[in-house]
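Here's a quick briefing to read with the model open beside you.

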Amino acid sequence: MNYLTRKNGATPMSLKRIAVIDHDKCYPDKCNWLCQRKCPVNRSGSECITQNTIKVKAQIAEELCTGCGICPRICPFGAITIINLDVDFGEPIHSYGVNAFRLHKLPIPQKGKVTGIVGRNGTGKTTAIGILAGNIIPNMGKYENKTENYNALLEKFRGKELYSVFSEIANKKHPVSIKPQMVEKIARTYQGNVKQLLMHVNAEKTPFVVRELGLEKIAERELQHLSGGELQKVALAACALKEAKTYFIDEPSSYLDIRERLRAAGFIRGLVTDERSVLAVEHDLVLLDYLSDNVHMMFGQPSVFGVVSSVHPTREGINQYLEGYAKDENYRFREKPITFLDKSARDIKKQIPLLTWPAFDVKQGTFTLHADAGTIHTNQSIGILGPNGIGKTTFVKTLAGILTPEQGKLPQKIPVAYKPQYVEATPNTTVEEFLHTRMSTASREAKHLLVEPLHLQPLYEKQLDTLSGGELQRVHIAAALGSDASLILLDEPSAMLDVEQRLQVAKTIRNIVDVQEKTVLVVDHDLMFMDYVSDRLLLFEGEPTLNGKVHGPLGMEEGMNGLLKQLGISVRRDQSTKRPRVNKPGSVKDTEQKKAGDYYYTKD
Ligand code: ADP
Ligand code: ADP
Ligand code: SF4
Ligand code: SF4
């Protein structure tokens, strides 16, 4: 259960019960129907918990359940989730079955607009896209009736906004194009080179998208040989080339650096016309803000239920998301708001120098990196900013003593823990075994700061190679932060995490830095994440794959100003949440800030 549920039957305000049973975790032969034997409603003679008629699994009658909270607590395998809702979201638009995930409401594509979707993984984004793409006919929660056509649905939505969308879908007059979340799959399913793939979709327009996304250099390359960022751009190009009325773009930012993210955003915005719409799911909130005209929030409990909020202007939608409260639905989905503090220099007196390096040059193949002299301190979290291929990993490996500089010598070696960009799963190892080895010297306090906030306990029994990308990421972040190294490097910790998990990881890093007196270096391309997590910044510039130069550590203002100047954008802070927002190019604020050299505006 989570904080949305009430405890021990104290539910006079609850309007509605949601009971979900994970069949993969329900073993009645091992527990001898414990939940059924202990349920007070069953004990009083009613059939609240029964046996599912198809499988030998528990089944809960939601209309009889009082939400007392006993069964989720006593089930030995954690198979049951009971939610007591104080808000009635009405009947679902779709349910996968009895005691299974259900989705309430849908995002609505708006012609001529990019509509962003912000929310947690597991709350039904793929389901919603499947419905709007015509791949799933929504059953309005009546999963017993296999729905074969849209007739009943159209009747239900007559006169409502969704009517015209469903009417077009029913008549096959709403072609859609989808950029999937997992771009790696394209390389596995398609044989051939980039140009062949794109020409196959739309030969006439291929040269245009190749130019717009800068794909010229990789046009002849086989898909199997592309990096994650290159695959992302190819996937976007292929999606755009298909003629459609609605374009669904699921997580366009993965594997892209900030410059590439902004370029992709401009490209996606270019897809809309008076007749076309874009729906985009994105967890990088600065990018979502930059990309969208308006926003739907998606909230609920992952794998249990999801709700799509009404649509809001982008600023308001993102601010409500950070606030954790959906106003129109009158529903608080997070206990506390996420707040961004104005950055001020932290108390440098408490910080002891950890590592000082002289200016050095280091080579990797034909690539050369030059670093200015610098010092890092304890109790510091240092953001590392720069494009892909500019030498960030090379720099950190040099600090760790793995690479030796050509010129300049590092005075000492210090123990370094490293979470690489691409995390791997050790075979035949459970999460608990892995963390036990990697965090063997961690104090109780450090474990406390990691295990609960990163939701690791429910993963303990699982094998590493069965985890989702986001789960594996969290395990590796904990292993690095819980190690005994005094310098910890996290390379792209936000990858594969949803917005909520990113904010949680950012907080966890801050806690480890502040309480455990560690130094953490964070490489990431999510600007809001970096703004939240960093005390100081190392800024990389140069020509990717040829040469790079590192400056710093710099103060936040100086570092961000340097980065944003490189990118040609300016950033202001939102007045109510203090989150960073990219100014519209050429707007009054953009012009004023650039003229004053204030690319990173720290005040309101
Ligand atoms: P998201 O895209 O937001 O991660 P999805 O729409 O993929 O969410 O899935 C939401 C939940 O619905 C999943 O956690 C899963 O438990 C459930 N689900 C998805 N597809 C099915 C299915 N075919 N049958 C049963 N449950 C499903
Ligand atoms: P970043 O971390 O900023 O993406 P890296 O430090 O990984 O950049 O790489 C910088 C450049 O050095 C890249 O162009 C990469 O191709 C090159 N490089 C990295 N490792 C090697 C190596 N072992 N041999 C040859 N070139 C390398
Ligand atoms: Fe046993 Fe849990 Fe299944 Fe109930 S839900 S039958 S307690 S395993
Ligand atoms: Fe029974 Fe509902 Fe209580 Fe579970 S939460 S024990 S199903 S009344």
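Predicted model: local features only at pLDDT ≥ 70, side-chain atom pairs only at ≥ 80, totals over all residues.

Residues are numbered from 1 along each chain as its sequence is written, ligands are numbered from 1 in the order in which they are written, and side-chain values use heavy atoms, with hydrogens and water left out.

**Ligand 1**
- Residues around it (a heavy atom within 4 Å) include Tyr-96, Phe-101, Lys-125 and Ser-303.
- Ligand 1 also has an oxygen atom 2.5 Å from a side-chain N or O atom of Thr-127, and an oxygen atom 2.9 Å from a polar side-chain atom of Ser-303.
- The protein covers 60% of the 570 Å² of accessible area that ligand 1 has on its own (Shrake-Rupley method, 1.4 Å probe).

**Ligand 2**
- Among the residues surrounding ligand 2 are Gln-364, Phe-367, Lys-392 and Thr-545.
- On the backbone side, Gly-389 has an N or O atom 2.8 Å from a ligand 2 oxygen, and a polar atom of Ile-390 lies 3.1 Å from an oxygen of ligand 2.
- The side chain of Thr-394 puts an N or O atom 2.5 Å from an oxygen of ligand 2.
- For ligand 2, the protein covers 61% of the 570 Å² it has on its own.

**Lys-57**
- You'll find Lys-57 in the loop between β2 (49-51) and β3 (58-60); strands are DSSP E runs of at least two residues, numbered from the N terminus.
- The Lys-57 side chain reaches the backbone oxygen of Cys-26 at 2.8 Å.

Methods:
Helix = DSSP H or I, 4+ residues; strand = E, 2+ residues; numbered from the N terminus. Polar contact = N/O pair within 3.5 Å; in protein donor to acceptor, adjacent residues only side chain to side chain.
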